Amino acid sequence: MTKEELLYLLALQRIPNIGDISAKKLLRNLGSAENIFKEKKSNLLKIDGIGMLTLKELNNVSYMDEAEAELKFIEKEGIEVFYFQEKGYPDRLKQCIDAPILLFQKGNIDLQRKKVISIVGARKVTTHGIAFCEKLVEDLAVLNPVIVSGFAYGVDITAHKAAIKNGLQTIGCLAHGLDRIYPAVHAKYREQVEENGGFMTDFWNGAKFLPQNFLSRNRIIAGLSEATIVIESAEKGGSLVTADIANSYDREVFAVPGRPTDSQSKGCNNLLKQQKAQVLTSAADLIYMLNWDLEKKKPQQQSLFTELPPDESKLFETLQKTGKCEMDFLAIESDLPTFRVASLLLNLELKGLVRPLPGKQFEII
């Protein structure tokens, strides 16, 4: 894809009333984005779904100006751009009718010959849900899958962190551009995610935070993956939308069952009751249902963090003695400043040695 063609594709992506499905129809008929903008009106009107309102927008030069500004941002930030008709665009996503014509990516993502699964669920995840997610990813690590999620609170960030801990690639699908991280509190994980995978989105920089953006983001989560796993969900929630999209793509969906009285299990239980998902109680269920071959895989030895830097070692030993403990108390007990303790705890968390708990407490895993 040439720089000039990318510019026209960006402008096409910007035009109202031309979604990804309509854009693909135009590209199939005319061969390139540049041809779309230069084609005669009479010929464009012959294409099903293209009316005078769309033609008027195609003649609006402001979209080309916006595309030029976005292209400068892409070049400045070193963002990779994948076009749905070219090599490098994720194969599974390419099969989805409403997949974006352009996909923006940052990090070190390699999906070639990889098993890819999505893990989604409640933002207000329970301690049981966290433990299940961590154990699931740990048990799947022998197969070296790529873990996809939405980088949100709860199950999402738990899945990303578990992937990093087990040396797996992880992809955060964003509902905004690559100029920011939302929620902001997760910015501290950005570097580790980019080192162990990266971020994908079809939104431009500066995109507004709109509810529909998150629903749009979910089609990428479902489309990238061989299977989507819902760990916890209330009766209504974004993860259930992701499950529905995955079903519409003819992908496997799994749900973790819970007690009927648990509010965060209602969504999963309903998926199972409505036969929209298969039961998942362990990694073995997933491996069996997806027919993944374990015998030919060599187990990967997980790194043991036996040699820690002095301050990390000191803090870890303090936490061993105190058990579950608040950050401020840890600072006092270890004789380290609070700001330093916060940084050290993050390092230990990413190494899979400690985990945060409600109430700003931490404990050893």
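The mean pLDDT of the protein chain is 89, with 96% of its residues at 70 or more. Among the elements of the chain, confidence is highest in strand β4 (residues 146–149), at a mean of 98, and lowest in helix α5 (residues 52–58), at 79. Over residues 295–305 pLDDT stays under 50, and the model has 12 contacts beyond four places in sequence for this stretch. Where pLDDT is low, the predicted coordinates should not be read in detail.

An open sheet is formed by nine strands, in the order β1-β2-β6-β5-β4-β3-β7-β8-β9, with mixed pairing. The edges are held by β1 (80–83) and β9 (278–279); each has a single partner strand, so one side of each is left without a neighbour in the sheet. Within this order, strand β3 (residues 116–120) pairs with strand β7 (residues 227–230) in the parallel sense, over four bridges. In this pair, Ile117 stands opposite Ala227 of β7.

Two helices are described here in relation to the sheet. Helix α8 (residues 127–140) lies across β3, β4 and β7 and runs at about 170° to β3. Helix α11 (residues 211–224) also packs on the sheet, where it touches β2 (102–107), β3, β4, β5 (170–173), β6 (197–201) and β7. The direction of α11 makes about 155° with that of β5.

The crossing of the two helices is right-handed. On the α15 side the contact is made by Lys314, Leu315, Thr318, Leu319 and Thr322, and on the α16 side by Phe329, Leu330, Glu333 and Ser334. By class, four residues of the contact between α15 and α16 are nonpolar, three are polar and two are charged.

Strand β12 (residues 361–364) pairs with strand β10 (residues 325–326) through two bridges, and the two strands run antiparallel. Strand β11 (residues 354–357) is also joined to β12, by four bridges and again in the antiparallel sense. Gln361 of β12 takes part in both pairings: Gln361 is the bridge partner of Glu326 and also that of Leu357.

Terms used:
Residues numbered from 1 in each chain as written. Predicted model: local features only at pLDDT ≥ 70, side-chain atom pairs only at ≥ 80, totals over all residues. Heavy atoms only, no water. Left-handed = near helix turned anticlockwise from the far one by under 90°. Contact = heavy atoms within 4.5 Å. Nonpolar A, V, L, I, M, F, W, Y, C, P; charged D, E, K, R; others polar. pLDDT = per-residue confidence, 0-100. Pairing = 2+ DSSP bridges. Axes fitted to C-alpha atoms, helices over the stretch in contact; angles between N-to-C directions.
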